Amino acid sequence: TILHFDGSAWKTIDSPSPNNLTSVAFSDDGSGWIVGDKGAILSFTNNGWGMVQSPTEERLEFVSVLSKIDAWAVGYHGTILHWDGTTWQNVQAPTSERLRHIFMLTKNLGWAVGERGAVISWDGERWTSENIPDELADISPTLHSVFMVSDDEGWVTGKNVLLRRDKGRWVATEGSYRRLH
């Protein structure tokens, strides 16, 4: 099921996908995407939502859309997909962990986070693993969301953790985590 707010009420729209849907995003130019289970990908056009061929069967957790020709999706087993305006393609990930969220600041600057403390960044050419603070390494926190203002300023939330980007490195905010014994 897809819900749409028309300015006065929420309306149900039939989904062309039989799979559970997990994330929806639009860009400023009106390009919209939905992702979900079994690699489901839906595209929004003037005619509504339609299925698009996916290069994966993995569950997709989150989608980030920059424009008609630039969108990203992440999911299980380190799955990263990129839309280039024509097709969705697999992009090599430096992790096999489940990626839960992706935030693209620009076409050459993005981050994704996920299970077991996975934080990865995009530099316009490749994804690279980033280090989490040493005090979190032994608990491998599940990271749920990332939001960036710039390359040097951003936040990551997770289970019992809040990370802040400070001068190009991730630091745990005071009191944001607890040690598990």
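Trainee: How many salt bridges does a search of the whole structure find?

Mentor: The search finds 10 salt bridges, where a salt bridge is a side-chain nitrogen of Lys or Arg within 4 Å of a carboxyl oxygen of Asp or Glu. Keep in mind that this is a predicted model, in which local features need pLDDT of at least 70 and side-chain atom pairs count only at pLDDT 80 or more, while totals for chains, interfaces and linings use all residues. Residues are numbered from 1 along each chain as its sequence is written, and side-chain values use heavy atoms, with hydrogens and water left out.

Trainee: Which residue does Lys 11 meet in a salt bridge?

Mentor: The side chain of Lys 11 meets that of Asp 6, at 3.1 Å from N to O.

Trainee: And is Lys 11 buried or partly exposed?

Mentor: Lys 11 is partly exposed, with a relative accessible area of 45%, and Asp 6 is partly exposed at 36%. Buried means under 20% relative accessible area, exposed means over 50%, and partly exposed lies in between, using a 1.4 Å probe and protein chains only.

Trainee: What about Glu 130, which partner does its side chain meet?

Mentor: Glu 130 forms a salt bridge with Arg 165, at 2.7 Å from N to O. Glu 130 sits in the loop between β14 (127–129) and α1 (134–137), whereas Arg 165 belongs to strand β17 (residues 161–166), so the pair ties together parts that are 35 residues apart in sequence. Helices (H or I, at least four residues) and strands (E, at least two) are DSSP runs, numbered from the N terminus. Glu 130 is buried at 17% relative accessible area, and Arg 165 is buried at 7%.

Trainee: Changing topic, which residues touch the most other members of the largest nonpolar core?

Mentor: Leu 136, Val 146, Val 156, Leu 163 and Trp 170 do, out of 15 residues in that core. Strands β12, β15 (143–148), β17 and β18 (169–172) each supply at least two of its residues, and the largest share, 3 residues, comes from β15. A nonpolar core is a set of buried Ala, Val, Leu, Ile, Met, Phe, Trp, Tyr and Cys residues joined through side-chain atoms within 4.5 Å.
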